[in-house]
Amino acid sequence: MPAIYTLRALEQFTCTGAECPLSCCTRGWSIQVDAATLAKWRSLPEPDVRERLLDSAISTHDKGKQFFVLKHAGDGRCVHLTEAGLCGVQARFGHESIPATCQEYPRATFQPESLQLKTAFLSCPELVRLVLQDSGHDPFVVAEDGLSDADRSERARLGDSVNAIVNRLLSMREAALNLRVYALATVVAELDAYLGRAGGNLSGAVTLIEKAFEGAGARVSRLQQLQRKGKYKHNKALAGCFWRLTYAIAHRGPGSDLVPEIPGLSALCAGAVESDADERQRDIKVYRTVVRQYQAVSAQTRTALDTLLEQYLRVKFVNHGFPYALHQDDHVATFLDCVVPYVLLQVLLGWQAVEQGGDGLADVALTIAKVETVLGIHNAKVFPQIEKHPELRPLEQSLGSLVELC
Ligand code: SF4
């Protein structure tokens, strides 16, 4: 019986319907109309209503299998969304008559490795608002599986020990969140190097992570000292490359207009996913722009953002089944899948705070939901870029600038 992780925010969640600033019914998503829903629609007694509903389910094929998806209007709105911003099918026939996906969203159930997750997609602004409201508390209730260490597989033990160090490092609030995330990146890099050398010796990997857990305080203090003395050296071009790719991932493809553009950075990063001859100089400029922009954010706002983004990251790591699930045994890719949206949010939210004045924190939940929407379910946009840009993978290099931005 795997341990069950349940997202606390789900207990309080109620869809805000017509009040939602980013309704899931307007985003052009491909929503499957499941067989049970089609059967309900086919059994409706009024022929014209029945035909209208069945007409809204378009037949399509994938890998030789036929299925049906909901029709959209040209602007991405579901054809059943009324002028009042409510679901017409739900209003007339009840919640049980809408497709299972619509009934479920934003709730999501996954079973990565030795876990069972009852969680939610962070693309729903109301759900994110509830998650952030709970900042400072563990966002998940965990029902232990009752297995002893001896009964657990080595793979499950490694997962447990990695989860423990994620929680330990993220909890060290005496250090800035960027520094905690970087400290975690160094642990992931060590794990990856060890597994590469040791040919997947999981028991040695558990020992390595347990030692890292014991030395977590010293690891963070060491980084803090280097940072305070300005002695932390990193490759500015590579750091800039990381920021540029992160920014470009969000500003390309469907939905990218949801994520606000930062004027100076947008100009530098335009068309930036492909390389060009002056890449190094451009990346150094990107790096300097990010540092300048980050330094414009007040210390008070940065601290408040740290608290909110820490909570976001906690849910993100669990949702992505870190260290294993999203990209199987590729710990680095799964880690980057969580951290790329985090660094992007940091730049966007910092910029919004400076632009809007005040504490700039009013729209954090909405900005997170927008970024999650643009990156796609399971960050579908991020992984292809990680594969295409191996320079992102040496985490100690590519994420080095996080130590400076504290
Ligand atoms: S995004 Fe969330 S709150 Fe908004 S309409 Fe969809 S389920 Fe409701």
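**View 1. Strands β1 and β5 side by side in a predicted model.** Strand β1, which covers residues 3–7, and strand β5, which covers residues 115–120, run in the parallel sense and pair over 4 bridges; strands are DSSP runs of E with at least two residues, helices are runs of H or I with at least four residues, and both are numbered from the N terminus. Two strands are said to pair if DSSP finds at least two bridges between them. Within this pair, threonine 6 stands opposite lysine 118 of β5. The model is predicted, and local features are therefore described where pLDDT is at least 70, side-chain atom pairs count only at pLDDT 80 or more, and totals for chains, interfaces and linings use all residues. Residues are numbered from 1 along each chain as its sequence is written.

**View 2. Strand β5 with its antiparallel partner, β4.** Strand β4, made of residues 107–110, pairs with β5 in the antiparallel sense over 4 bridges. In this pairing, phenylalanine 110 has leucine 117 of β5 as its bridge partner.

View 3. Tyrosine 105 and proline 106 are joined by a cis peptide bond, for which omega is about 5°. Proline 106 is placed in the loop between α4 (100–104) and β4.

View 4. The residues around the ligand include Tyr105 and Pro106, together with Cys15, Thr16, Cys20, Leu22, Ser23, Cys24, Cys124 and Glu126; a residue is counted here if its C-beta atom, placed from the backbone, lies within 6 Å of the molecule. Sorted by class, this shell has 7 nonpolar, 2 polar and 1 charged residues, where Ala, Val, Leu, Ile, Met, Phe, Trp, Tyr, Cys and Pro count as nonpolar, Asp, Glu, Lys and Arg as charged, and the others, Gly among them, as polar.

**View 5. Lysine 63 in a loop between two strands.** Lysine 63 lies in the loop between β2 (57–62) and β3 (65–70), and its phi is near 50°, a positive value in a residue other than glycine.

View 6. The protein chain has 18 helices and 6 strands, and 41% of its 406 residues count as buried. Its C-alpha atoms fill a box of roughly 75 × 55 × 40 Å, taken along the principal axes.

Definitions and conventions: A residue is buried if 20 or more other C-beta atoms lie within 10 Å of its own, exposed if 12 or fewer, and partly exposed in between; C-beta atoms are placed from the backbone.
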